[in-house]
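Here is a short briefing on one protein chain. Look at the structure first, then read the points by topic.

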Amino acid sequence: VVLLPTYWMFVTAFTPEEDIIRMPPRMIPKRPTFENFKRIFIFTDPKKSLPRWFLNSTIVAVSVTIISLFVSALAAYAFARKKFYGRELLFYLFIATMMIPGEILTIPMFLLVKKLNLLDTLWAIILPAIPAPFGIFMLRQFMQDIPYDIEEAARIDGCSDLTIFFRIILPLTIPALTALGIFTFITQWNLFLWPLIVLSSPEKYTLQVGLATLQEQHVRDYGLLMAGASIASIPIIIIFFTFQRYFVRGLAAIRG
């Protein structure tokens, strides 16, 4: 039941248009073809380029994942291992922002991005996604379970805070970092509303926004749309199955 929509997406991508609309539909294409994939890579308008949209999505997803993981790990280390005045209050106030619906922040973020002259650039998508309250909360919970004896032994050996962070804390946090990285990458790869708002040039579109423009242009061309959706889903499938072991370990460790 879960895999049926994904299977139907790939089947439709390899099915000729005249066979897609027939009733009853075929679960196995009688005349499989790559024509839909050929057409999606060839457009008369050079600005509507699937490889370009794919590259834009990759740049956004990879950049946000790497930068957000680093920033979240630094903040989580401070909240989990450092003692300073107002730490708990600041942490809970920061986590409380998770209860604010994202739609409420859309207009303020748009105005801020506009004042920074970042509209119609990939930075308009990357920068607002770097602060991640969920990531900080997740890593903080994991770091709190790391024994303090390890950190104290490192301080006796003369290690600084940065040395302890990079050589001890981060290696021990790899399972949680991997799980969070997968979450972050998938979220940014599938992001649609915010890129649609801040991007206006077709050559700057991410993959999800670009595919939506194809739907507006070819309303009934389901083979073309499913071919694009199939290409968009391949990186996520590969990443999940590649890092599945670390993903499960990270979630299990956090729940424990």
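Buried means under 20% relative accessible area, exposed means over 50%, and partly exposed lies in between, using a 1.4 Å probe and protein chains only. By that cut-off L225 is buried, because its relative accessible area is 14%. The model is predicted: local features need pLDDT of at least 70, side-chain atom pairs count only at pLDDT 80 or more, and totals for chains, interfaces and linings use all residues. Residues are numbered from 1 along each chain as its sequence is written, and side-chain values use heavy atoms, with hydrogens and water left out.

**The whole chain**

- The chain has 15 helices and zero strands. Both are DSSP runs, numbered from the N terminus: helices are H or I with at least four residues, strands are E with at least two.
- Along the principal axes, the C-alpha atoms fill a box of roughly 70 × 45 × 30 Å.
- Of the 256 residues, 40% count as buried.
- The accessible surface comes to about 15000 Å². Carbon and sulfur atoms account for 70% of that surface. Such areas come from the Shrake-Rupley method with a 1.4 Å probe; for residues, only the protein chains shown count as cover.
- Contact means heavy atoms within 4.5 Å. Among contacts between residues at least 6 apart in sequence, 73% join residues at least 24 apart.

**Helix 14**

- Helix 14 covers residues 222-242, which is 21 residues. From its first C-alpha to its last it reaches 30 Å, close to the 30 Å expected. The expected span is 1.5 Å times one less than the number of residues.
- Helix 14 bends by about 30° at S233. The bend is the angle between axes fitted to the seven residues ending there and the seven starting there. A proline, P235, follows within four residues.
- The buried residues of helix 14 include G223, L224, A227, I231 and I239.
- L225 also sits in helix 14.

**The nonpolar cores**

- A nonpolar core is a set of buried Ala, Val, Leu, Ile, Met, Phe, Trp, Tyr and Cys residues joined through side-chain atoms within 4.5 Å.
- In soluble globular proteins, nonpolar side chains tend to be buried together.
- The largest core here has 34 residues. I40, L50, I125, W189, L207 and L211 touch the most other members.
- Several helices each supply at least two residues of this core, among them helix 3 (35-41), helix 4 (50-81), helix 11 (174-189) and helix 13 (207-217).
- Helix 14 gives the largest share of this core, seven residues.
- L50 touches I40, F41, L207, L211 and I231, not counting residues up to four places away in sequence.
- A second, separate core of 20 residues includes M138, M143, A176 and A179.

- Most residues other than glycine have a negative phi.
- N117 has a positive phi of about 60° although it is not a glycine. D120 likewise is not a glycine, and has a positive phi of about 65°.
- N117 lies in the loop between helix 6 (106-115) and helix 7 (123-129). D120 lies in the loop between helix 6 and helix 7.
- Is each one buried or exposed? N117 counts as exposed because its relative accessibility is 66%. D120 counts as buried because its value is 15%.

- S201 is in the loop between helix 12 and helix 13. It counts as buried because its relative accessibility is 16%. A polar contact of 2.5 Å joins the side chains of S201 and D120.
- A polar contact is a pair of N or O atoms within 3.5 Å. Within protein, one must be able to donate a hydrogen and the other to accept it, and residues adjacent in sequence count only if both atoms are side-chain atoms.
- S68 lies in helix 4. It is buried, with a relative accessible area of 3%. Leaving aside neighbours within four places in sequence, S68 is in contact with A129, I130 and A132.
- T12 is found in helix 1 (residues 4-13). It counts as buried because its relative accessibility is 6%. A polar atom of the T12 side chain lies 2.7 Å from the backbone oxygen of W8.
- Not counting residues up to four places away in sequence, T12 touches I20, N36, Y222, G223 and M226.
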